[in-house]
Amino acid sequence: MTITRHPTRTAPRLTLTLAAATLMVAMNVYGMTAAQADDGPSVPPGTEPSASAPEKVDPNDPDLKLPEGATLATPKVLDIKQVVEDQSGDERREDTNADVKFALQAEVLFGKDSAKLSAEAKARISAIAEEIKTQNATKIRVFGFTDNLGSSAHGDVLSKQRADAVQNVLDQELNDSNVTYEVRGYGEQYPIADNSSESGRKKNRRVEVSFPRTES
């Protein structure tokens with residue numbers, strides 16, 4: 001008896017697998033949308049997406065060689081961020097060449113689900129006002145954030161109320177008509193920690209105050 005073996009046909013299955021994988025990648029890439037506030041700025045300072053990695057290049061490519069007589073551009077100093085957080089994690093300060101940002105956790109400023117400032121909170125905000133005076137800053141951003149518990153609409157309202165409360169104390173402390181404020185409530189948008197744990201949600205419940213630093 002003669003047994004005839006037919007070659008297996010794997011090409012269509014491979015093509016189908018590649019097509020499905022391509023579709024999944026496309027859905028992951030194009031299905032994501034960045035959360036944005038109702039008005040500009042689209043994202044708070046410091047949360048802008050970083051630049052993608054550069055494409056690989058051939059270092060021996062003759063087109064990369066400097067033409068005869070050409071020189072390199074003047075070196076540029078990149079912005080450096082320094083972050084200092086107190087031991088309890090209740091307050092964090094970020095310094096760059098351009099800006100200063102304070103992040104205060106909601107628990108040290110307000111009661112649960114409240115926008116009423118405590119006496120301790122006012123003392124912390126007063127210290128930030130002194131730093132604003134030191135930097136001679138006149139443009140202040142005050143942004144409120146919450147965790148992802150509860151409705152998104154409630155978080156938007158509460159975060160804005162808390163930002164307003166902090167701004168009011170800053171305005172009283174600075175007492176300067178030249179100072180302008182940008183006050184926003186972003187709710188659960190732009191978390192800085194994982195909302196799946198209470199420690200992460202605690203970090204996300206915060207009010208940030210940022211302003212330009214004095215040029216040296």
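Student: How are α2 and α3 oriented to each other, parallel, perpendicular or oblique?

Tutor: This is a predicted model, where local features need pLDDT of at least 70, side-chain atom pairs count only at pLDDT 80 or more, and totals for chains, interfaces and linings use all residues. Residues are numbered from 1 along each chain as its sequence is written, and side-chain values use heavy atoms, with hydrogens and water left out. Helix α2 (residues 119–134) packs on helix α3 (residues 152–174) at about 55°, with the axes 9 Å apart, and α2 and α3 are therefore oblique to each other. Under 35 degrees would be roughly parallel, over 145 roughly antiparallel, 65 to 115 roughly perpendicular, and the rest is oblique. Axes are lines fitted to C-alpha atoms over the stretch in contact, with angles from 0 to 180 degrees between N-to-C directions. Helices are DSSP runs of H or I with at least four residues, strands are runs of E with at least two, and both are numbered from the N terminus.

Student: Which residues make the contact?

Tutor: From α2, Lys122, Ile125, Ser126, Ile128, Ala129, Ile132 and Lys133; from α3, Val166, Val169, Leu170, Glu173 and Leu174. Contact means heavy atoms within 4.5 Å. By class there are eight nonpolar, one polar and three charged residues.

Student: Changing topic, how much space lies in the largest pocket?

Tutor: About 310 Å³. A pocket here is an open set of points on a 1 Å grid over the protein atoms alone, with protein on both sides within 12 Å along at least five of seven lines; a cavity is a set where a 1.4 Å probe fits but cannot get out, and lining residues have an atom within 4 Å of a point. The volume is the space filled by probe spheres set on the points.

Student: What sits closest to the pocket centre?

Tutor: Lys112, Asp113, Asp147, Leu158 and Arg205, out of 17 lining residues. α3 gives the most to that lining, with four residues.

Student: And how many cavities of 30 Å³ or more?

Tutor: One, and the largest cavity holds about 60 Å³. Its lining has three nonpolar, two polar and six charged residues. β3 gives the most to it, with three residues.

Student: Last one: what does Val183 touch?

Tutor: Val142, Lys160, Ala163, Asp164 and Gln167, not counting residues up to four places away in sequence. Val183 is in strand β5 (residues 180–185). Val183 and Asp164 are 6.6 Å apart, C-alpha to C-alpha, and 19 residues apart in sequence.

How values were computed
Nonpolar A, V, L, I, M, F, W, Y, C, P; charged D, E, K, R; others polar.
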